[in-house]
Amino acid sequence: MRAGPDTARSDISSDDAVKAEYAGLIKDAATGDRDAMERLLIRAQEVAYRFSLLVCGHPEDAEDVMQEALLKTYQHVTSVSHPEAFRTWLYTTVRNACLMKRRRHVGEPKNFVSLERGVGTDGTIPLDVADRARPPDEQLIDGWMDSRLRAALRELPPSYRMVVVMREMEGLSTKEVATITGFSEANVKTRLHRARLMLRRHLEDA
Amino acid sequence: MSPPSDCKAILANISAYLDGELDRTACDAIEQHCQGCPPCAALVDGLRETVGLCRQAASVPLPEAVRQRARDSVRRLLDRDVEKG
């Protein structure tokens, strides 16, 4: 075993740097700096994409969640009174957009079949008409992230997955994750610990 | 090898240890325990590796096609607002 906890993230310094960067972008964007606005909105969409994919596990929702993050951030920028709280606001917005998106899906059939497609020679519509090719985004994602890690993340209960993704991958602090999820800070730490143990087990089993 | 009760205490504190939240004395206790307890040492190393894998994955930029889509959406939105005046 190596000596010392070299995984320790310098939470305070990196957290402060990210907050300062967001604060600078918000300030400039609010005063009409198009470049700052572009960078802020692109970043908001990237957050939305990663969250849709890694936490919600539905790449097909990502486009809509990105759009929601884009519009809400654009509307929100000029009224931000606490730039240091922007990141928490953004992740809360994205999380809610993912949840709403899923709720809208409840009751929808898993596959839609066009009336113009899939009609057999006898006039019936075969049940197995789904396009089995992997969607383009899935192929992109395969090249982006270790498939073992993605599979292991999918095995976690959603609230554990959300905590581990926001803490380990998005670099949010325990306090920020607590604010976004509504869990206490102690609960966030407990979930992170259990999520790490579960992830480890799934990675070993893979 | 340390008694299992020590292992339980180690297990409970591993994440705090990896996150640098323990004081030097507590870190030393974990490191000392692990020197004589291969299962705990393997667990600490395994979790460290898992955390590293997550953070490494997070540092990879999104696929260029996704980033391009994001840039295009932003420009469309901003251009539309410029046209509106």
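Setting aside neighbours within four places in sequence, L153(A) is in contact (heavy atoms within 4.5 Å) with L54(A), R161(A), V164(A), V165(A), M169(A) and L199(A). This is a predicted model, where local features need pLDDT of at least 70 and side-chain atom pairs count only at pLDDT 80 or more, while totals for chains, interfaces and linings use all residues. Residues are numbered from 1 along each chain as its sequence is written, chains are lettered from A in the order in which they are written, and side-chain values use heavy atoms, with hydrogens and water left out.

L153(A) also turns up, with F51(A) and M169(A), among the residues with the most contacts inside the largest nonpolar core, which has 65 residues. Such a core is a set of buried (under 20% relative accessible area, 1.4 Å probe, protein chains only) Ala, Val, Leu, Ile, Met, Phe, Trp, Tyr and Cys residues joined through side-chain atoms within 4.5 Å. Its largest share, 14 residues, comes from α2(A).

Now for the interface of chains A and B:

| Item | Value |
|---|---|
| Residues in contact | 42 of chain A, 44 of chain B |
| Buried area | about 4000 Å², 63% from carbon and sulfur atoms |
| Salt bridges | eight |

Buried area here is the accessible area (1.4 Å probe) that the two parts lose on being put together, summed over both. A salt bridge needs a side-chain nitrogen of Lys or Arg within 4 Å of a carboxyl oxygen of Asp or Glu; R55(B) and E168(A) form one, at 3.0 Å from N to O.

Notes. Buried < 20%, exposed > 50% of the residue type's maximum accessible area, 1.4 Å probe, protein only. Helix = DSSP H or I, 4+ residues; strand = E, 2+ residues; numbered from the N terminus.
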